Structure formats: structure tokens, C-alpha cells
Amino acid sequence: MTGEQEFRGIESGPLFDRTWHIDRVEGAAVQGLKDTSVEPLSEPLIEVPDDLKGNLVVTSVDALVNWGRKSALWPVTFGLACCAFEMIATAMGRFDIARFGMEAFRASPRQADLMIIAGTVTWKMAPAIQRIHEQMAEPKWVISMGVCATSGGPYFGSYSVVPGVDHIIPVDVYVPGCPPRPDALLFGVMELHEKIKKYHNLRPGSRNVPGGTLAAENP
Amino acid sequence: MPFQALTGEALADRLAEAVPDSVERADGDCVWVEPSQIAITAQFLRDDPGLDFQFLNAISAVDFIDSFDVVYHLTSFRQQHKGVVKARLHGRESLSLPSVYEVWRGADLQEREVWDLMGIRFEGHPNMKRIMLWEGFDGHPLRKDYL
Ligand code: SF4
């Protein structure tokens with residue numbers, strides 16, 4: 001028996017019987033996530049390990065580290081619905097996201113810093129989004145693009161759509177619009193840059209500055 | 001060239017000869033077929049050289065509160081005509097009718113969609129389960145009584 005035949009042997013039997021348990025497990029995961037994600041999550045905070053708190057003071061290094069982080073935000077290749085096309089347009093020559101050092105859309109979440117939630121988030125997709133977000137290495141940021149990802153938008157109150165992706169993962173910047181034009185997405189990206197610039201790395205109680213992205217001073 | 005739309009009466013005439021007791025009624029647009037006869041009727045519609053409906057455009061369903069219509073849109077590219085066949089199911093609970101999966105393979109996903117959103121089962125379908133919503137979802141959301 002060749003390997004392929006063996007594989008077919010395992011795969012034999014009615015389609016329904018072969019796949020039914022997979023669907024049940026998936027359904028239980030989706031339903032579990034839906035039942036537990038009733039409140040939106042707050043803005044994400046960067047945690048500093050306890051043994052570093054108070055031991056290290058970095059001041060002007062902050063500026064350098066933050067500049068490095070903001071200048072090479074690599075997004076994960078990830079589009080969910082119609083908004084994804086505006087994200088693709090943003091990456092193309094006319095708008096050219098490469099100007100911000102972001103042209104490298106990574107196919108692996110391990111290599112990405114930024115997740116652009118471009119489109120409608122359904123409950124069936126939610127576990128996958130959550131897993132990809134967890135797979136991304138810190139520091140990581142999330143942009144919610146379009147009203148669908150922000151609040152459910154046109155599908156608000158629908159039986160199948162997550163009422164805002166912030167119910168399942170924390171979001172840094174919201175870009176409204178249906179879909180947002182590429183320049184709106186670029187503005188969101190620049191807002192995120194401003195936010196990253198204000199991070200205090202390793203300072204006691206270090207966390208991102210609360211209270212919006214426009215009002216704060218550069219460290 | 002535009003496709004000629006066959007009237008329900010024309011379809012009903014052909015069906016009445018070939019599949020006895022299959023036609024419930026017909027009007028200018030479509031023909032209502034006895035639900036239990038839908039698979040045999042579909043076989044005839046596909047294989048009859050005069051009708052030659054090799055292509056199934058869509059299966060959909062309509063909720064009329066006290067009954068459901070399952071709608072089959074058919075096209076023949078060789079004969080350049082199209083037709084609409086419906087099957088009316090009465091009641092709201094445990095509705096089912098025979099699957100046309102063996103006649104048109106394209107019915108596979110569409111019948112699952114009708115089951116998922118409208119709650120009409122297709123007997124003889126090899127993989128009759130939800131397609132878009134997850135297993136464990138409560139209810140069938142395109143029904144008029146779904147809130
Ligand atoms: S916000 Fe509009 S364009 Fe974006 S995914 Fe939703 S419906 Fe589509």
C-alpha cells in the first residue's frame with residue numbers, strides 16, 4: 001500500500017462522517033468565544049517585566065527605539081472583506097505605503113508588528129483572528145479599519161458579525177469609513193506612529209500615554 | 001442572444017406527460033412541483049433533449065409564513081432557454097424534500113445554504129450540515145420569525 005493509498009484509506013467513508021466532528025469542535029470554539037466576548041477590551045498597554053521596573057532608566061534611547069519601531073511597522077497580510085481592497089490599494093504605487101517603511105506585508109504573524117483588521121469580522125472568523133493576534137510577537141499594534149471592524153457597521157446587531165473587533169482583541173487606532181479611503185488608512189497609520197513615539201520603554205510604570213494620540217509631548 | 005424564458009404552463013405540459021402527478025400548478029412564470037417528486041422531475045428536466053436544463057443557476061427558498069417555496073432556476077445553453085421550478089412545503093417544522101445533488105452537483109453547497117439559513121433539509125444530500133454559520137448556532141436566521 002503506498003502512502004497515498006493509505007491516506008485515501010483513512011479518508012474513506014461518507015463525507016459527513018469524516019468531517020462532522022471537526023465542525024462540532026469548531027462550532028463549540030466559536031460559540032464559546034461569542035459567549036465570553038460581551039464587553040469591548042480597552043486600549044492595549046505595553047507591560048514591562050517586574051524585575052526591570054525601577055532598575056532601568058532610558059530617556060533619549062526611547063526616542064531611538066520608538067523611531068525604529070515606527071519606521072518599520074510590518075503589517076500581517078490579512079484582509080477580511082471589502083476594506084481589504086482599500087488596504088491593497090494603499091500598498092500600491094499611487095498611495096504607496098512603502099513611504100512609511102511598511103511595504104513588507106508579512107505572510108507570517110511571527111514577523112509582523114501590525115495587524116490591520118480590514119473588513120467585517122464574523123464570529124466564525126473570530127477565533128482565527130484571535131489566534132493570529134496571539135501569534136504576533138510583542139510589541140504589536142492593531143488598526144481597526146472601517147466601520148465593520150470598529151463597531152459592526154452596516155451589520156451592527158447581526159447574528160453573525162462581531163460588534164467591533166475590540167471585543168476579541170485590543171485595538172490601538174480606529175479608522176472610520178465604509179470603506180476608508182487609502183489616505184484615511186494612511187492617516188490612521190500616521191496616528192499610530194505618533195502613538196508609538198510616545199511610548200516610554202522600561203521606565204517605572206512604563207506604558208503608553210493615555211488620552212489620545214494628538215495631545216502628548218514627545219519624550 | 002437573450003435566453004428565452006419558458007412559461008410555467010409550457011414546462012407543466014412537458015412534465016405532466018413524463019412524470020405523472022408531479023405538477024401541482026403552473027402560471028406564466030414558473031411551475032410548482034410536488035416536493036416528493038422533485039428529484040425525478042429534475043432528472044427529466046436535465047435529460048430531456050427538448051428541455052436540456054444542464055445548468056442549475058441557483059437554489060433559493062422563500063418564507064411565506066405558513067409555507068416555504070424552494071426555487072430552482074434552470075438554464076439550457078444549447079436550447080437557449082431558461083425556466084423556474086418551485087416546490088411548496090407547508091408548515092414550519094422539520095421540512096424536507098429530496099436532494100437534487102445527484103442531478104446537478106452544483107446543488108451541493110446551495111442546498112446546504114438553504115438548510116443553514118432557512119431550515120429546509122434535503123434528503124439524500126451527502127453532507128447535510130451548516131455551511132456559513134457554525135455548528136451549534138441556534139435557529140435559521142433568514143426565516144421571517146427569526147429575531
Ligand atoms: S466597512 Fe464597508 S467597505 Fe469595510 S468591510 Fe465593512 S462594508 Fe466593507
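**Reading pockets, a ligand shell and a helix crossing**

Author: Start with the largest pocket: its lining is E26(A), A29(A), V30(A), K124(A), M125(A), P127(A), A128(A) and R131(A). Helix 2 (15-36) and helix 5 (126-135) of chain A each give two or more residues to that lining. Helices here are DSSP runs (H or I, at least four residues), numbered from the N terminus. The model is predicted, so local features need pLDDT of at least 70 and side-chain atom pairs 80 or more, while totals for chains, interfaces and linings use all residues. Residues count from 1 along each chain as written, chains are lettered from A and ligands numbered from 1 as written, and side-chain values use heavy atoms, without hydrogens or water.

Reader: What volume does the largest pocket have?

Author: A pocket is an open set of points on a 1 Å grid over the protein atoms alone, where a 1.4 Å probe fits, with protein on both sides within 12 Å along at least five of seven lines; lining residues have an atom within 4 Å of a point. Here the volume is about 180 Å³.

Reader: Which residues surround the ligand?

Author: Being near means having a heavy atom within 4 Å. Among them are C82(A), T120(A), C148(A) and P179(A). Helix 6 (residues 146-151) of chain A gives the largest share, three residues.

Reader: And how do helix 1 and helix 2 of chain B lie to each other, roughly parallel or roughly perpendicular?

Author: Angles of 65 to 115 degrees count as roughly perpendicular. The axes of helix 1 (residues 8-18) and helix 2 (residues 38-47) of chain B cross at roughly 110°, so these two are roughly perpendicular.

Definitions and conventions:
Points joined across faces, edges and corners; volume = space filled by probe spheres on them. Axes fitted to C-alpha atoms, helices over the stretch in contact; angles between N-to-C directions. Parallel < 35°, antiparallel > 145°, perpendicular 65-115°, else oblique.
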